[in-house]
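Hi everyone, thanks for coming. Have the structure up on your screens, and let's walk through it together.

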Amino acid sequence: VMDNAEVAALLREGGPIEPISVVLHLASALLALVLAAAPEGGRKRRLLWLIAVCAVLMAARELDLHKALTTHSIFNAKEYLRPDIAPAEKLAAGGFALAVVAVLAVAVAAARRDIARLFAQRGAAHGGLTGLMLFIPVLMLMDALPRLLRKAGAAPSEDAVRYMLSFEELGETVLPVLVMLLILQAVRAAPFSQQ
């Protein structure tokens, strides 16, 4: 019901909705860490650590830390290929990018058995993780779609941009809530109904 200007002001990058996403991502990381330390964490401790690492990385991404100290994102090829960027900045960006990838790789490797067990059990957490793996690319597509359409010469209408922006930004706010549900599903390990 809001007009395009109101939606753009509310949902713009760095606007009032983004900090809510950051807080929710950090809350999901904290929930995972608290449950990993509790007896309920049990055999899923490594999975909970992986979820906490991913939640912190998602919060950092919402805060744009991946491009806060560099000319481009540390994961953007332009950062490393453009001749106008100082070699020291390229080295620092590459070091940070490698550190992020290494931390994530170690966390995934440590949790691989927990993940395999989660898929073997076919419980609610399996469904939650599958849903997240489908939801995240859709959010990424909604973020990139207006830009991709403009590059293709098919600029979307203001209304279409409003709907895509609304889906993407509000979806980013829902994402950590879905992660919290996944955490609780994983700890509870409730199977799907067989009926």
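Let's start with Leu178, which is partly exposed because its relative accessible area is 29%. On that scale, buried means under 20% relative accessible area, exposed means over 50%, and partly exposed is in between, using a 1.4 Å probe and protein chains only. Before I go on, the ground rules: this is a predicted model, where local features need pLDDT of at least 70, side-chain atom pairs count only at pLDDT 80 or more, and totals for chains, interfaces and linings use all residues. Residues are numbered from 1 along each chain as its sequence is written, and side-chain values use heavy atoms, with hydrogens and water left out.

Back to Leu178, then. You'll find it in helix H7; helices here are DSSP runs of H or I with at least four residues, numbered from the N terminus. Which residues does Leu178 touch, not counting those up to four places away in sequence? Leu132 and Phe135, where contact means heavy atoms within 4.5 Å. Leu178 and Ala52 sit 126 residues apart in sequence, and their C-alpha atoms are 13 Å apart in space.

Now keep an eye on Phe135, as we go to aromatic rings. Rings of Phe, Tyr and Trp (its six-membered ring) pair if their centres lie within 6.5 Å; planes under 30 degrees apart are stacked, over 60 edge-to-face, and the rest tilted. The count by that rule is one aromatic pair. That pair is Phe135 with Phe167, edge-to-face, at 6.4 Å centre to centre and 65° between the planes. It links distant parts of the chain, since Phe135 is in helix H6 (residues 124-151) and Phe167 is in helix H7, 32 residues apart. Phe135 counts as buried because its relative accessible area is 19%, while Phe167, at 38%, is partly exposed.

Staying in helix H7, which spans residues 158-188, have a look at Glu168. Buried or exposed, and does a charge partner come with it? Glu168 is buried yet has no salt bridge, and the nearest side chain of opposite charge, Arg61, is 6.8 Å away. For charges, Lys and Arg count as positive, Asp and Glu as negative, and His and the chain ends are not counted. A salt bridge, by the way, is a side-chain nitrogen of Lys or Arg within 4 Å of a carboxyl oxygen of Asp or Glu. Leaving aside neighbours within four places in sequence, Glu168 is in contact with Leu139, Met142 and Asp143.

Arg61 is partly exposed at 44% relative accessibility, and so is Asp64 at 22%. Asp64 is in the loop between helix H3 (45-62) and helix H4 (78-81), and has a positive phi of about 60° although it is not a glycine.

Another bridge has Arg117 and Asp114 meeting at 3.1 Å, N to O. They are about one helical turn apart because they are three residues apart in helix H5 (residues 87-121). Asp114 is buried at 8%, whereas Arg117 is partly exposed at 26%.

Arg162 is buried at 15%, and Asp159 is partly exposed at 39%.

Notes
Helix = DSSP H or I, 4+ residues; strand = E, 2+ residues; numbered from the N terminus.
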